[in-house]
Amino acid sequence: MSDLVLVNDDGPVRSVRMNRPDKKNALTLPMYEAMADALESAVNTTALRCVLIAGQENGFCAGNDIGDFLNMATGGGALAAPILRFLHALARCELPLVAAVRGNAVGVGTTMLMHCDHVVAGTDARFATPFARLGLVPEAASSLIAPRLMGHARAFSLLVMGRPLTAEDAKAAGLINTVAAPDAVETEALKAAQEIAALPPQGVLASRRLIRGTPDTIVARIDAEAALFRERLGSAEARAAFEAFLARKR
Ligand code: COA
């Protein structure tokens, strides 16, 4: 397991922590692989009841590594397999997912939360999905889940206009459950994970299935978005946006 993703089992709770603080937890392909491994194997580990996804104090996740996006764009445009594997694992995960968010959650940093069952965010959290600004389209089935969660107007503002949400906005939009002081985020999230883990597991599993419905619809949307994403990654608009980001400090 790469140290860019730290996986730790403590009783019934598995924590999966993105650990690339120098790049604000921008996700690379090995990180997606490690996170997919952690989610997929959690379901087969009998002692586990809940998975807690966390980032760093200086940020939850800055989205996909933009250098990797540029490589994918020049290499034919397909979303790399580890990304799709991670998104499918999120959608198909049978264990409840809790997240602890501090600082920026950008791109997949925000859309992965749409698959979580309980999210605690700090007052310092900021959620943004600048897909259209980068010449891209939404991913992780966010084009389906976001309008269901928050209605068309707020989903358009987030996913297309790229306007960020504060923690309070995100709570009002139904994306997160609780806003906490930054130092209390991890404790609150762990408390929620332990609360879920202490419930009768079969009751939780069956109830969660009813609430979420079949993952097939979500997986089909992930795949439909990925087909469009491929076209967009190869576009001149996207390439110019990636190059501008990578050149901004030079
Ligand atoms: N891909 C690659 N590198 C990234 C990155 C990303 N998505 N996000 C941040 N980084 C890198 C920066 O280039 C910088 O590297 P450097 O120190 O070698 O110059 C480092 O992480 C720190 O980022 P910085 O921008 O200085 O931090 P910040 O606190 O000022 O801003 C963000 C944080 C997340 C708001 C900002 O980094 C950002 O907008 N990142 C891009 C987010 C994005 O568009 N993701 C794709 C979504 S689809």
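Reader: Why does Met161 count as partly exposed?

Author: Met161 has 35% relative accessibility. Buried means under 20% relative accessible area, exposed means over 50%, and partly exposed is in between (1.4 Å probe, protein chains only). So Met161 counts as partly exposed.

Reader: What stands behind these values?

Author: This is a predicted model, where local features need pLDDT of at least 70 and side-chain atom pairs count only at pLDDT 80 or more, while totals for chains, interfaces and linings use all residues. Residues are numbered from 1 along each chain as its sequence is written, and side-chain values use heavy atoms, with hydrogens and water left out.

Reader: What makes the patch of Lys23, Lys24, Arg248 and Lys249 a charged one?

Author: Its members are Lys and Arg, and the patch is positive. Lys and Arg count as positive, Asp and Glu as negative; His and the chain ends are not counted. Each charge is placed at NZ of Lys, CZ of Arg, CG of Asp or CD of Glu. Arg248 lies in the segment after α10 (236-247). Arg248 has a relative accessible area of 52%, so it is exposed.

Reader: How do you know that Arg14 and Asp9 form a salt bridge?

Author: Their closest N and O atoms are 2.7 Å apart. A salt bridge needs a side-chain nitrogen of Lys or Arg within 4 Å of a carboxyl oxygen of Asp or Glu. The pair therefore qualifies. Arg14 is buried, at 7%. Asp9, at 37%, counts as partly exposed. The whole structure has 14 salt bridges.

Reader: What makes Asp37 and Arg85 a link between distant parts of the chain?

Author: Their salt bridge has its closest N and O atoms 2.6 Å apart. Asp37 is in helix α1 (residues 29-43), Arg85 is in helix α3 (residues 81-92), and 48 residues separate them. Asp37 has 34% relative accessibility and Arg85 has 25%, so each counts as partly exposed. Both also belong to a salt-bridge network with Glu33 and Glu40.

Reader: How do you know that Asp124 and Arg102 meet in a salt bridge?

Author: The N to O distance is 3.6 Å, which is within the limit. Asp124 is in the loop between β6 (118-122) and β7 (126-128); Arg102 is in the loop between β4 (97-101) and β5 (104-106), 22 residues apart. Asp124 counts as partly exposed at 29%. Arg102, at 14%, counts as buried.

Reader: What makes β1 and β2 a pair?

Author: Strand β1 (residues 5-10) and strand β2 (residues 13-18) share 6 bridges and run antiparallel. DSSP must find at least two bridges for strands to pair, so they qualify. Strands (E, at least two residues) and helices (H or I, at least four) are DSSP runs, numbered from the N terminus. Leu6 has Arg17 as its bridge partner in β2. The hairpin has 2 residues between its strands, and Gly11 takes a positive phi near 60 degrees there.

Reader: Why are β5 and β8 said to stand at the edges?

Author: The open sheet has 3 strands in the order β5-β7-β8, with mixed pairing. β5 and β8 each have a single partner strand, so one side of each lacks a neighbour in the sheet. β7 and β8 run antiparallel and are joined by 2 bridges. Phe127 has Leu165 as its bridge partner in β8.

Reader: What makes the phi of Asn25 worth a note?

Author: Phi of Asn25 is positive, near 60 degrees, and Asn25 is not a glycine. Most residues other than glycine have a negative phi. Asn25 is in the loop between β2 and α1 and counts as buried, at 0%. Ala140 also has a positive phi, about 60 degrees, without being a glycine. Ala140 lies in the loop between β7 and α5, and its 0% relative accessibility counts as buried.

Technical notes:
Patch = residues over 30% accessible without salt bridge, like charges linked within 9 Å, V, L, I, M, F, W, Y side chains within 5 Å. Areas by Shrake-Rupley, 256 points an atom, 1.4 Å probe, with all protein chains shown as cover.
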